[in-house]
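Please look at the sequence and the structure below before reading on.

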Amino acid sequence: MKTPFDLRDIALFSAGFGANALKYDYTASVECLPFPQKPQYNGGIIENAELNRGLRAWSAFGNAKVEHRVSNGNKFVVAHSRNDSHDSISQKIYLNKDKLYTFSAWVQVSKGKILVRAVFKTIRGFKHAGAVIAESNCWSMIKGGLTVDESGPAELYFESKDTSAEIWVDSVSLQPFTTEEWGTHHQQSIEQKHRRKVRIHVMDKQDKPLANATISIVQNKLSFPFGSAINKNILTNTAYQNWFTSRFTVTVFENEMKWDTTEPSQGQEDYSAADALLKFAQQHGIPVRGHTVLWEHPGHQPSWVPSLSASQLSKAVTNRINSIMYRYKGQLNGWDVVNENIHLSFFESRLGPQASANAYKTAKFIDPSTTLFLNEYNTIEDSRDTVASPTAYAKKIKDIQSSGGGNLGIGLQGHFNVPDLPYMRSAIDALGALGLPMWLTEVDVQSGENQAMYLEQVLREAHAHPKINGIVLWTAWKPEGCYRMCLTDNNFRNLPTGDVVDKLLKEWGGGGQVLSGTTGPDGALEASLFHGDYQVTVTQPGANSSYVVRGFALAPTETSQQRLILRV
C-alpha cells in the first residue's frame with residue numbers, strides 16, 4: 001500500500017493556503033462597450049491609470065501628437081497625427097524579471113475596426129502583451145500579460161498599422177505578481193473549481209457516532225478530463241495499452257478520423273482504423289474527441305480534392321460531413337468541425353466566406369447534442385500572432401453563431417515553444433467571457449532541456465484556470481517518434497515528460513493514492529477532495545479487519561459540502 005496522506009492535513013492546507021495573497025482577476029470582456037470599465041487592480045503600477053489627472057505620466061511615443069479629452073464625463077488620452085504604426089501614447093515603467101505581469105487597457109479608434117496592440121519596449125527588445133480589434137464609438141478591452149528576461153526600464157505603448165486612425169486609451173493596468181503569488185492563484189482556483197468538501201460520519205450498529213475509526217479513501221477516477229492522443233499503434237501493443245489506460249480519461253485519434261485517411265481515393269471510404277480505435281476506447285470507458293471533420297490546411301486534403309471545381313468541392317464536403325458525423329453520431333464528446341479555420345481558408349477561399357459557418361450548421365443538425373469545437377493554434381501560445389488572437393477567435397465564434405451555427409466550443413491546441421504564462425492565462429480569460437466550453441486539445445512543448453518544466457507549467461496553468469474544461473496532450477506514440485513530444489521511450493518507460501504527467505495525476509487525485517484519517521469524538525472526518533469517484537474503507541478502533549463500506553461520487557454542485565453517513 002502506498003504511504004497515505006492525512007486528510008486533516010489536506011483540509012487545513014486547502015483552507016489556509018495563500019489567504020493573504022492578492023487575488024487574480026479572471027474577468028475580461030469581448031464586447032465593445034459605450035464606456036470603459038474601471039482599471040483592474042486600480043491600475044497596478046500604472047500611474048494615472050484612468051487619465052483623471054490630465055496627461056500626467058503619459059507622453060507621446062514616436063511622432064504622434066497626444067491629447068487629453070473628455071466625452072460624456074469620461075476622461076481619456078488620444079494619439080493622433082500618426083505617421084508610423086508605433087506612433088501612439090506611452091508610459092515609462094520598470095519591469096522585474098522575477099515577476100509575472102498581467103496587463104489590461106480599454107481602447108477605441110476613430111474609424112472602422114482596426115487591430116491595436118499593446119507593446120512593451122524593454123532593454124532586450126519588444127514584448128507584445130496583447131491585442132484587440134478596436135472599433136469606433138465604443139470601447140474594447142485588451143487583456144494580456146508578459147514576463148521579461150532581464151530587469152530594467154521599459155516603455156508601454158500602443159500600435160496600429162492604420163496610421164490614419166486615432167488611438168484612444170483609458171483604464172490601463174499593469175499588475176506584477178511573484179511566482180509564489182501566481183502559484184497561490186492556482187491553489188485558490190483549484191479549491192473552488194476542482195475540489196469539494198466532504199464530511200464523513202461513521203456510525204455503529206446502534207446509530208451512535210464512532211470515534212477513532214480509521215477512514216481510508218482511494219480515488220478510482222479523476223473527474224477532470226485529462227488525456228492524450230492515440231493512434232492505431234495502440235491496437236497491437238499491450239504495453240502501450242496498459243500504460244495509456246492506467247492514466248488517461250479522454251483521448252483523440254491522431255490521424256485516423258481525418259479526411260485524407262478515411263477517403264484517400266474519392267468514393268472509397270475506409271473507417272476501419274477509426275472504428276477499431278473507438279471500440280478500444282469505449283471498452284475502457286474513455287471518451288473520444290472527434291478530430292477532425294474538415295481541415296482548412298491546403299496541404300492536408302485528400303489528394304483528389306484540390307483539383308475539384310467549386311460545385312464538385314461543395315458536394316464532396318457535404319458528403320464528408322454526412323459520412324463521418326452520421327457514422328459516429330452520439331458516440332463522441334466533441335467534434336473539431338473545421339480545424340484551423342482562423343489561420344487558414346482552403347474551403348472559404350473556394351466556397352465563400354460562409355463555408356465554415358455552413359459546416360457548423362450541418363454538424364449541429366446531424367449531432368445536436370455534441371459540442372462542436374473550433375480548434376486553433378497560437379491563440380494562447382504566441383502573443384505576436386494576432387491572426388488568431390482571442391479577439392479574432394471571438395469574432396469567428398460570433399460569425400458562426402450569427403449564421404445559425406450553435407452548441408459551439410473553444411478548442412485551443414497548445415503547441416508551445418517557451419510558454420508565456422501571463423499571456424496564456426489572460427487569453428483564456430478573454431475567451432472565457434464567451435461562456436462556452438473550452439479545452440486545450442493538442443498540448444505539447446518543443447524539445448529541449450526545459451521541455452518537461454515547460455510542460456508542467458502549461459498543465460498547471462490550464463488545469464487551474466476556472467474556464468478550462470479538459471486537457472488533451474498531442475503525444476500519440478509511434479516507434480519512429482511522436483509529433484513533437486513523447487511521454488515514454490519505446491519500452492514505455494517514462495521520459496521526463498511522462499514523469500510530469502504522473503506527478504500531476506497523483507497531485508490531482510488521479511494516481512490511486514490512499515488518503516486516510518481518523519474520526520473525532522463526533523464520529524466525523526472532514527476533508528477537501530478532488531471531484532471524482534471514490535472507494536471508502538473504514539476500520540473500527542482496535543479491529544484487525546477493514547470494511548469496504550461503499551463508493552461515492554464527488555461532483556461539482558452549488559452545495560459547498562457533501563455529507564456521507566457510513567454505518568459499520
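The sections below take these topics in turn.

## Basis of the model

This is a predicted model, in which local features need pLDDT of at least 70 and side-chain atom pairs count only at pLDDT 80 or more, while totals for chains, interfaces and linings use all residues. Residues are numbered from 1 along each chain as its sequence is written, and side-chain values use heavy atoms, with hydrogens and water left out.

## Helix H10

Helices (H or I, at least four residues) and strands (E, at least two) are DSSP runs, numbered from the N terminus. Helix H10 covers residues 421-432. The expected span of a helix is 1.5 Å times one less than its number of residues. For the twelve residues of H10 this gives 16 Å, and the end C-alpha atoms are 16 Å apart, which agrees.

Twelve of the twelve residues of H10 are buried (under 20% relative accessible area; exposed is over 50% and partly exposed in between, with a 1.4 Å probe and protein chains only). Among them are Leu421, Tyr423, Arg425 and Asp429. The charged end of Arg425 sits over the ring of Tyr24, 4.5 Å from its centre (the criterion is NZ of Lys or CZ of Arg within 6 Å of the ring centre and within 35 degrees of the ring normal).

## Strand S7 and its partners

Strand S7 (residues 113-122) has seven of its ten residues buried, so it is largely enclosed by the rest of the structure. Two strands pair if DSSP finds at least two bridges between them. S7 runs antiparallel to strand S8 (residues 125-135), with ten bridges between them. A hairpin of two residues connects S7 to S8, and Lys113 has Glu135 as its bridge partner in S8.

S7 also pairs with strand S10 (residues 152-159) in the antiparallel sense, over five bridges. In S10, Phe158 stands opposite Ala118.

## Aromatic contacts

The structure holds 23 aromatic pairs (ring centres of Phe, Tyr and Trp, its six-membered ring, within 6.5 Å; planes under 30 degrees apart are stacked, over 60 edge-to-face and the rest tilted). One of these is the stacked pair of Phe76 and Trp168, at 5.0 Å centre to centre with 20° between the planes. This pair links distant parts of the chain, with Phe76 in strand S4 (residues 74-80) and Trp168 in strand S11 (residues 167-178), 92 residues apart. Both Phe76 and Trp168 are buried.

Phe226 and Phe248 form an edge-to-face pair, 5.8 Å centre to centre and 70° between the planes. Both Phe226 and Phe248 are buried. Ring pairs also link Tyr24, Tyr26, Tyr41, Phe177 and Trp182 into a cluster.
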